[in-house]
Amino acid sequence: MSASNQKPVAEGLFTWPSDEPQLIGSESSGRYSFPARPNENQVLLQRRGTLWGFTTQQFRPPSPPYDGDDTAETFQPYALGYVELPGELMVQARFTESDPAKLTIGQEMELRVVPYTTRADGTELLTFAFAPVEGNSQ
Amino acid sequence: MTDVAIVGVGLHPFGRYGDKLCLEMGAEAAQAALADAGTEWSRVQSAYVGSYEVSNPDAIVGWLGLTGIPVRGVFNGCATGGTSLQMAAQAIRHGEADVAMAIGMDKHPRGAFSADPSVVGLPSWYGQTGMFLTTHFFGTKINRYMHDHGITAETLARVAAKNLANGAINPQAWRQKAVSVEEILNSAVVNYPLTRYMYCNPDEGAAALVLCRADLAGQFTSTPIYVRAAELRSRREGAFEVQSPSLPVQSAPSPTVDASRAAYEIAGVGPEDVDVAQLQDTDAGSEVIHMAENGFCGDGEQEKWIADGDTEIGGRLPVNTDGGLIANGEPIGASGLRQVYEIVLQLQGRAGQRQVPNNPRVGYTHLYGAPGASAVSILSR
């Protein structure tokens, strides 16, 4: 699928298109926020951090607000949690790895931009997710 | 400062009641509390009525009587019941009323709470991408806590089994069937590491209290229970909280810790003085964490406490003797007042088959919930 059929779920969340996307946060008096707060200086957050804690979503979330193109039957569980970006903040995100047995607190994680649903017109909506850094799990 | 006593308690058991109106359940709980105090609505001079689903909970006067008294609706997330108790006690302390009521009721649709993220000030994408669920907070917090403090999944299952076993001997509980530790561990995972039986569910029900100036308590009962403290705290910067797209790296204690410390200080007692407790058990992991956050044990000591049965009826600190949220469900507006109802019964020695055997003098209730609020009360004979 060509990039023209993809678009971010919301503007201003992450740099896109990009081979090395970054979350767009903001900073004020040393306090970082994500998503960026209006009237604060925008900053690009680090792409790598460490896994702070996680859980999984094993059933399809109430919809709306969830707008995945799946059904209760076709829903694929996903993992999510917090990644600590040193000196910046802890960010809550979905993970590309859905098996909790393959996630370890403290492991290094890196930002990705991934499709999570396809609209009726074929447009893929993109969101951010962290992936375990290969060969670096503890 | 004027002392405040609880002189009557009432419960509309939690569960599912078809077409029955939420306000009707609230009115029945209120009438039960008035009957318990041997009095009538006409004596009540101020009331606080908590609900999430009923937009005008003060409409309960249509059922109880149009006496013209000030009646205030209360909503403060999962801390609503504790907030109603605190405000009713303050109305007495401030001299607005000699006799006041705290009433809570709710009637939730089935399944996980759902709403548009904008109602709590969060962006649409947070809901669209499947992140706007309070249960993610509970799964993530206990996952980290287990890692840091050596708590096992079996301990979580034992806590759920205890609360369901307590529910099985509580004729007013929603869930009255004991479930084995093994079955709880093997039931479907909802949010890793939490399984289906480790979670409470939203449901329906109501609870109510009659409170009065302590020097008037003898007019209503020979066994008043005194409100030694009723404290409410919101979150501080850095607290790990529900529905936070990001958090500071520098952490702060949960509002539970702040509410608990304030309550102990005001009551002039410590955790070692508490004989029976009700701790918010949205899930089994929450109860484990709340044992430490409320000062009853150190982080990690829960593993031994639970293995030794210390929080069972008959243990050193019975917790959630009526089955807690896990066996009763959570009608948000009423949940905290159910906790107080149970503690009052325990302190008065009328909790029936689930009565704790240690002749309890001091009881404790604790609520915690979105968006980061906690209410703690300390009650005593």
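1. The lining of the second largest pocket comprises 15 nonpolar, seven polar and seven charged residues. In this count Ala, Val, Leu, Ile, Met, Phe, Trp, Tyr, Cys and Pro are nonpolar, Asp, Glu, Lys and Arg are charged, and the others, Gly among them, are polar.

2. This is a predicted model, in which local features need pLDDT of at least 70 and side-chain atom pairs pLDDT 80 or more, while totals for chains, interfaces and linings use all residues. Residues are numbered from 1 along each chain as its sequence is written, chains are lettered from A and ligands numbered from 1 in the order in which they are written, and side-chain values use heavy atoms, without hydrogens and water.

3. The second largest pocket holds about 590 Å³ of space. Of its 29 lining residues, Lys141(B), Ala252(B), Pro253(B), Ser254(B) and Glu293(B) are the closest to the centre. Helices H5 (134-149), H8 (255-267) and H9 (284-293) of chain B each give two or more residues to this lining, and H5(B) gives the most, with five. On a 1 Å grid over the protein atoms alone, a pocket is an open set of points with protein on both sides within 12 Å along at least five of seven lines; a cavity is a set where a 1.4 Å probe fits but cannot get out, and lining residues have an atom within 4 Å of a point. Points are joined across faces, edges and corners, and volume is the space filled by probe spheres set on them.

4. Helix H3 (80-93), E8, H12, E11 and E12 of chain B each give two or more residues to the lining of the largest cavity. That lining includes Glu231(B), Gln339(B) and Leu367(B), and its residues divide into six nonpolar, five polar and one charged.

5. Chain B has an open, mixed sheet of nine strands in the order E3-E2-E4-E7-E1-E8-E12-E11-E10. E3 (71-74) and E10 (276-278) of chain B are at the edges with a single partner strand each, so one side of each has no neighbour in the sheet. From one strand to the next the twist averages 20°. Helices (H or I, at least four residues) and strands (E, at least two) are DSSP runs numbered from the N terminus, and two strands pair if DSSP finds at least two bridges between them.

6. E10(B) runs parallel to E11 (residues 362-369) of chain B, joined by three bridges. Tyr364(B) in E11(B) is the bridge partner of Ala277(B).

Technical notes
Axes fitted to C-alpha atoms, helices over the stretch in contact; angles between N-to-C directions.
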